[in-house]
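Work through these exercises with the sequence and the 3D view open. Try each task before you read its solution.

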Amino acid sequence: MAAWAVAVVAAAGLVAPAHDVRATAPPGRPNVLLLLMDDARTGQTFAIPKALAWLRDHGREYPNAMVSTPSCCPSRATILSGRYAHNHGVTQQGAVGRFDHDRSLQHELHAAGYRTAAVGKLFNAWDIARRPPHFDDWALTGGGYTGADFVVDGLKTRASYATTFIGDQVGRYVDRYERDDRQPWFIYAGFTAPHAPQVPEPRYAGVSYPWDGNPATRETDRGDKPAYVRRFNRTQEEGALERQAMLRTLRSVDDALESIRRRLKADGELDDTLVILLSDNGKLFGEHGLPEKFMPYLQAERVPLLISWPGHIRAGSDRRLAANLDITPTVLAAAGLTPSFQVDGRDLLAPGDRRALLTEYWRDPANGAGIPSWASTVVPGRYRYTEIYDDAFTVTDREYYDLARDPWQLTNLLQDGSTRPALAAALARQRTCAGRDCP
């Protein structure tokens, strides 16, 4: 995968030329609040109704948002750099040491005069006692819910409930930064919720969320799926239990976001703040018998994405194909800045559309050695073509789905004797223009 993935992106002209960050940004640059959930997939935001009333009703929702890598740390590195995993180098959970902090959103904003803070979960393997580069302040945790350990600006503390504590720390930094209106601020806030093992607050522990599954959780014949998929046997009932546990923890995220909104309103900063809410990846609830993310199926890759900036973004739904790649270029454009490094994403607040998205995964023992590397071209509503690789990056299996007729990826057309002309087109597209605006 390494060789062809880099080649197709370079050949496609996906990345933009490098430029220097401007020394000063235009007047009126916004504060930036980046809110990140952990493992929340598309369709779960009904559990955060107050946040929806804030962000969706006064901002823009992207129902077709996806991540380019359905794995926590690689996706977070993409969010904070606007680059594919094969470009920023964080291809595994434990590879955060490869992340170039000087080619990041926080670097660009800090260099342009922003006050910066990192709150909550940043990367799995990050030493929370260490202040992340280009952040002035930090209140980080390694994860957990009840009694989670945090380091707040160098001091160790323990939170009674992590989600609430994260919201409180964001509010504290907002108050601190608002004492000096001459500088805008950037706050990154990574919630542990709704990642496993989920521990809801007692007041939400009994909330029930019944679920009847979907066609992919009821799939009985997986003979057309790759061998590694057939080794998993997650049931729909098991998936329903985890889904319910996740939704219970999201109720506390909703409370934390509401407390942040009230703090911004009290400080008079609601209209001056660009707020982005998304997730680092999705999660499978037993679709195709699968228990996790990390695999080339839409439920692992589709994520909530909402952006609010009153007076600058018209409320509504934007059905363009958006990606985690787009967060950094969107924020920098809103701040009137040009990135000093090459980015693979695009400004979501500008015109233009992408027709296809390259998604990728690099085998990672931390996620289970049985999940192989793969790369996939996705054209939502049309098709998906995936190649599976061994450790020498030799193709060992392929999948092709007609998403227009088969949105749940039930029938792999490469295993049914199909000779559809569309398949030849998919093979060509994968090799020549994966991830860019193909004609």
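**Exercise 1. How many helices and strands does the chain have?**

Solution. The chain has 11 helices and 14 strands. Both are DSSP runs, numbered from the N terminus: helices are H or I with at least four residues, strands are E with at least two.

Before going on, note the ground rules. This is a predicted model, so local features need pLDDT of at least 70 and side-chain atom pairs count only at pLDDT 80 or more, while totals for chains, interfaces and linings use all residues. Residues are numbered from 1 along each chain as its sequence is written, and side-chain values use heavy atoms, with hydrogens and water left out.

**Exercise 2. Find where pLDDT stays under 50.**

Solution. Step one: recall the term. pLDDT is the predictor's confidence in each residue, from 0 to 100.
Step two: take the whole chain. The mean pLDDT is 90, and 88% of the residues reach 70 or more.
Step three: look at residues 1-26. Their pLDDT stays under 50, and the model gives them 63 contacts beyond four places in sequence. A contact means heavy atoms within 4.5 Å.
Step four: look at residues 432-439. There the pLDDT is also below 50, with 27 contacts beyond near neighbours in sequence.

**Exercise 3. In what order do the 10 strands of the open sheet lie?**

Solution. Step one: write the order. It is S6-S5-S4-S3-S7-S1-S8-S9-S2-S10, with mixed pairing. Two strands pair if DSSP finds at least two bridges between them.
Strand S6 (155-158) and strand S10 (316-317) each pair on one side only.
Step three: check one pair. Strand S3 (residues 115-120) and strand S4 (residues 137-141) run parallel over 4 bridges. Ala118 has Trp138 in S4 as its bridge partner.

**Exercise 4. Describe the aromatic pair of Phe150 and Phe165.**

Solution. A pair of aromatic rings is described by the distance of the centres and the angle of the planes.
Step two: apply the cut-offs. Rings of Phe, Tyr and Trp (its six-membered ring) pair if their centres lie within 6.5 Å; planes under 30 degrees apart are stacked, over 60 edge-to-face, and the rest tilted.
Step three: read the values. The centres of Phe150 and Phe165 are 4.6 Å apart and the planes make 55 degrees, so the pair is tilted.
Phe150 is in strand S5 (residues 149-152) and Phe165 in helix H6 (residues 162-178), 15 residues apart. Both residues are buried, meaning under 20% relative accessible area; exposed is over 50%, and partly exposed lies in between (1.4 Å probe, protein chains only).
The whole structure holds 12 aromatic pairs. Ring pairs also link Phe294, Tyr361 and Trp374 into a cluster.

**Exercise 5. Is His288 buried or exposed?**

Solution. Step one: locate His288. It lies in the loop between strand S8 (273-279) and helix H9 (298-301).
Step two: use the area. His288 is buried because its relative accessible area is 1%.
Step three: list partners. Beyond four places in sequence, the contacts of His288 include Ala216, Tyr297 and Trp408.
Step four: find the polar contact. The side chains of His288 and Glu219 meet at 2.7 Å. The term means a pair of N or O atoms within 3.5 Å; within protein, one must be able to donate a hydrogen and the other to accept it, and residues adjacent in sequence count only if both atoms are side-chain atoms.
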